[in-house]
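Hi everyone, thanks for coming.

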Amino acid sequence: MQKQRWYAGAEALADGTVVLMGGFTSGGYINRFVPNIDPTYENGSAEPTYEFYPSRGNATIMQFMVTTSGLNSYAHTFLMPSGKMLVQANLSTILWDYDQNAETPLPNMPNGVARVYPASGAVAMLPLTPANNFTPTVLFCGGSDMPSDYYGDYTWPYYNTWTYPASKDCQRLTPEPQGGALPQYEQDDDMLEGRTMGQFITLPDGTMLVINGGMNGTAGFSNGTLHTTTLAQMPFYQSLASAPVSTPAIYNPNAPKGSRWSNAGLSSSSIPRMYHSSAMLLPDASVLIAGSNPNTDVTLDVPFPTTYTAEVFYPPYFAAGFRPQVSGIPKTLSYGGSYFNITVTATSYANTSANNAAANTTVILSRGGFTTHAMNMGQRHLQLDNTYTVNKDGSYVLHVAQVPPNANLLTPGPALMFVVVNGIPSNGTMVIVGTGQIGTQPTSTASELPPVVTSAPGGSGSSHSNGASDSKTSIVAGAIMGAAIIIGVLGWRGCNCKVVPVWRCF
């Protein structure tokens, strides 16, 4: 890189390059001095520029990084279908044309809630689907409405942050609405509890898991604050947050307002996941959780110690006792072009007809993005369009469209493909979207899909019960008895497994 960037924003582009934005030059709590007399460079401590990797030229000042001075670390960035980028930091929001370095102001974040580090709200794009015409909507949840003065400066906060409740507030924003409407934030359901450092993981079934974090305070660590000036007085050692949230929650973007959040049946972890925690969707559709270290270095005998233990969270769909079995998944996908076929076996669904199963099957591309500090830069969930043909033996063939012919929707590179039947995902298969090379991606007109063909009554339309399952899934399903749990798993059947006490290895 041309510049030193600590806690910079990063977003992949349609040609596979990455734009890097802002950051510190040498770290700190927030990106400003007080009084803030040099919001551009902060006397050399702030990096207000953006650049491309691989390079497209010299790093250039991004005015938004000046406007949002202080609370602009790990800016939230989302590439839009137009090729412009949604950027949100501090309380400001813009659409950014990075080719022209031109900014279009959007409404400020409502209710004074900061979402970027160190307020660290959970932020993610909702699933892109044929039903919403692949129109991006971004969900912002949690963070902090702490007054600006309380954040202090590079050295420490000017408030005992661990006493300040995190926000429950959630807002939706559709930056490029269809029909010419103006972008506006929309109040969404509050989270079940306030949460800072929560992280969204979009699951293959289209729901969104939020996990980790605390109910009070912010991310970061410090030897003190303006009001608690020595480390010996700090109640949680160097942590600036308290009250770990041990129970995850699931958000259903398609549920009616007032009923989108639930943690029913989800058990709690005994491991606090505070600052420096992270999570990532795995190919078997479980979620890896790791990290936590709100301390300067390795520190074990403190309230929130350095944590080396990893966990795996099994979402509720693991209670099914079986997984869809599919064949025909391609190794590469193009932007537009000829459709492809995936065959789904008759053992892939239970207690329903093949016609109903086929009608409730989706093909998903999932990209975890760059995961760090309770955020996933570039996380995407895109549903491919499909029709189907049901066979007499209860199997069916999915006729699946390629990725829509717009690389801004899902930038080139690897992604996991899941086939989801009645909310139960198959194991994911890694595919390459686009050419696999950096450069302008070729596009083609999307081909027309064949019509839907169902089975006649008395054929595969009859309901049946699925008794098939693989042994690992059966054991997990039996252990959770229809609910989701968090347990530690390192390795899988057929590998060398190291078992930590109270963990189980399948």
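Let's begin with the rings: the structure holds 22 aromatic pairs, where Phe, Tyr and Trp rings (the six-membered one for Trp) pair if their centres lie within 6.5 Å, with planes under 30 degrees apart called stacked, over 60 edge-to-face and the rest tilted. One of them is Tyr-74 with Tyr-117, an edge-to-face pair at 6.5 Å centre to centre and 85° between the planes. This pair links distant parts of the chain, 43 residues apart: Tyr-74 is in the loop between helix 1 (63–67) and strand 5 (76–79), and Tyr-117 in the loop between strand 8 (102–106) and strand 9 (122–125). Helices (H or I, at least four residues) and strands (E, at least two) are DSSP runs numbered from the N terminus.

A word on the source: this is a predicted model, where local features need pLDDT of at least 70 and side-chain atom pairs count only at pLDDT 80 or more, while totals for chains, interfaces and linings use all residues. Residues are numbered from 1 along each chain as its sequence is written, and side-chain values use heavy atoms, leaving out hydrogens and water.

Back to our pair: are Tyr-74 and Tyr-117 buried or exposed? Both are buried, meaning under 20% relative accessible area, with over 50% being exposed and anything in between partly exposed (1.4 Å probe, protein chains only). The two also belong to one aromatic cluster, together with Tyr-7, Phe-24, Phe-33, Tyr-154, Phe-221 and Tyr-275.

Glu-42 is not a glycine, yet has a positive phi of about 50°. For context, most residues other than glycine have a negative phi, and most peptide bonds are trans.

Now Ser-144, in the loop between strand 10 (138–141) and strand 11 (170–173). Ser-144 counts as buried because its relative accessible area is 1%. A polar atom of its side chain lies 3.1 Å from the backbone nitrogen of Met-146.

Finally, the largest nonpolar core has 43 residues; such a core is a set of buried Ala, Val, Leu, Ile, Met, Phe, Trp, Tyr and Cys residues joined through side-chain atoms within 4.5 Å. Its largest share, four residues, comes from strand 32 (residues 413–421).

Methods: A polar contact is a pair of N or O atoms within 3.5 Å; within protein, one must be able to donate a hydrogen and the other to accept it, and residues adjacent in sequence count only if both atoms are side-chain atoms.
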